Amino acid sequence: MKRGAFLIVLALLSIWAALMHSGMGTSPAASGFDMGGTITYVLTPASIVVGNITVDLAGINASGLSSSAYVYLMEDLRRYYTGKDVLVKGNYAYFDLNGSYNSESINEMIQRQISELEAVQGYITSQNHTHSHHHHPNHPHPNRRIINQK
C-alpha cells in the first residue's frame with residue numbers, strides 16, 4: 001500500500017513539475033503586479049482583454065477623435081497590441097519584457113497616440129476651413145497681392 005501511495009505522490013509531483021515548466025502553474029506577473037498575460041483583444045482604446053480578463057485602462061480619453069480617426073486608432077491598436085505579453089498593476093498595463101517591464105505604461109503610449117491623432121485632425125480641419133472659402137474671380141483671395149495690375 002505504501003508503494004502505491006508513493007507512486008501516486010510521484011505522479012502528482014511529475015504533473016506539478018510539468019505544469020510549472022510550461023508556465024501554467026506559476027503566476028506570470030512579476031512581483032508587485034496584479035497579473036500578467038497576453039493581450040488577446042483590444043475592445044476600445046481604454047479596454048483590453050488579457051487572456052480572458054478585461055482590463056479597463058486608466059487615463060485614456062479618445063472622445064476628441066472623429067469617427068474616422070477612431071477607426072484608424074482601433075485598427076492600429078489591435079494590430080500592434082494583440083499578442084503582446086503584459087504585466088498589469090491596477091488599471092495600468094506594461095509590456096512584459098521577460099520578467100521586467102518598461103517604465104512607460106501602455107496607457108501613456110495609447111494616450112500619446114490619441115493626442116497625436118487629435119493634433120493631426122485639428123491641423124487637417126483648420127487647413128480645410130482655410131481653403132474652403134470661395135472667392136469671386138474679380139475679388140482676389142485676401143492673402144494674395146496683385147502685382148502690375150492695370
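Colleague: Is Gly51 buried, partly exposed or exposed in this model?
Modeller: In this predicted model, Gly51 sits in the loop between strand 2 (47–50) and strand 3 (53–56). Buried means under 20% relative accessible area and exposed means over 50%. With a relative accessible area of 40%, Gly51 therefore counts as partly exposed.

Colleague: Which residues is Gly51 in contact with, leaving aside its neighbours within four places in sequence?
Modeller: Gly51 and Tyr41 are ten residues apart in sequence, and their C-alpha atoms are 8.6 Å apart in space. With the neighbours within four places in sequence left aside, the residues in contact with Gly51 are Thr38 and Thr40.

Colleague: Which strands stand at the edges of the open sheet?
Modeller: Six strands form the open sheet, in the order 3-2-1-4-5-6 and with antiparallel pairing. Each edge strand has a single partner strand, so one side of it is left without a neighbour in the sheet, and the two in question are strand 3 and strand 6 (100–101).

Colleague: What is the bridge partner of Val88 in strand 5?
Modeller: Strand 4 (residues 85–89) and strand 5 (residues 92–97) run antiparallel and are joined by four bridges. In strand 5, the residue that partners Val88 is Ala93.

Colleague: Why does the pair of Tyr80 and Tyr81 count as edge-to-face?
Modeller: A search of the whole structure finds four aromatic pairs. In the pair of Tyr80 and Tyr81, the ring centres are 4.9 Å apart and the planes stand at 85°. Planes over 60 degrees apart count as edge-to-face, so this pair is edge-to-face because of its plane angle of 85°.

Colleague: Is Tyr80 buried, partly exposed or exposed?
Modeller: Lys84 lies over the face of Tyr80, at 4.8 Å from the ring centre. Whereas Tyr81 is buried, with a relative accessible area of 5%, Tyr80 has a relative accessibility of 42% and therefore counts as partly exposed.

Colleague: How far apart are the ring centres of Tyr80 and Phe95?
Modeller: This pair links distant parts of the chain, with Tyr80 in helix 2 and Phe95 in strand 5, 15 residues apart. Ring pairs link Tyr80, Tyr81 and Phe95 into a cluster, and Phe95 counts as buried at 10% relative accessibility. The planes of Tyr80 and Phe95 stand at 85°, so the pair is edge-to-face, and the ring centres are separated by 6.2 Å.

Colleague: Is Asn107 buried or exposed?
Modeller: Asn107 lies in helix 3 (residues 106–130). Leaving aside neighbours within four places in sequence, Asn107 has contacts that include Leu57, Tyr92 and Ala93. At 2% relative accessibility, Asn107 therefore counts as buried.

Notes:
Residues are numbered from 1 along each chain as its sequence is written. This is a predicted model: local features need pLDDT of at least 70, side-chain atom pairs count only at pLDDT 80 or more; totals for chains, interfaces and linings use all residues. Side-chain values use heavy atoms; hydrogens and water are left out. Buried means under 20% relative accessible area, exposed over 50%, partly exposed in between (1.4 Å probe, protein chains only). Contact means heavy atoms within 4.5 Å. Two strands pair if DSSP finds at least two bridges between them. Rings of Phe, Tyr and Trp (its six-membered ring) pair if their centres lie within 6.5 Å; planes under 30 degrees apart count as stacked, over 60 as edge-to-face and the rest as tilted. A charge sits over a ring if NZ of Lys or CZ of Arg is within 6 Å of the ring centre and within 35 degrees of the ring normal.
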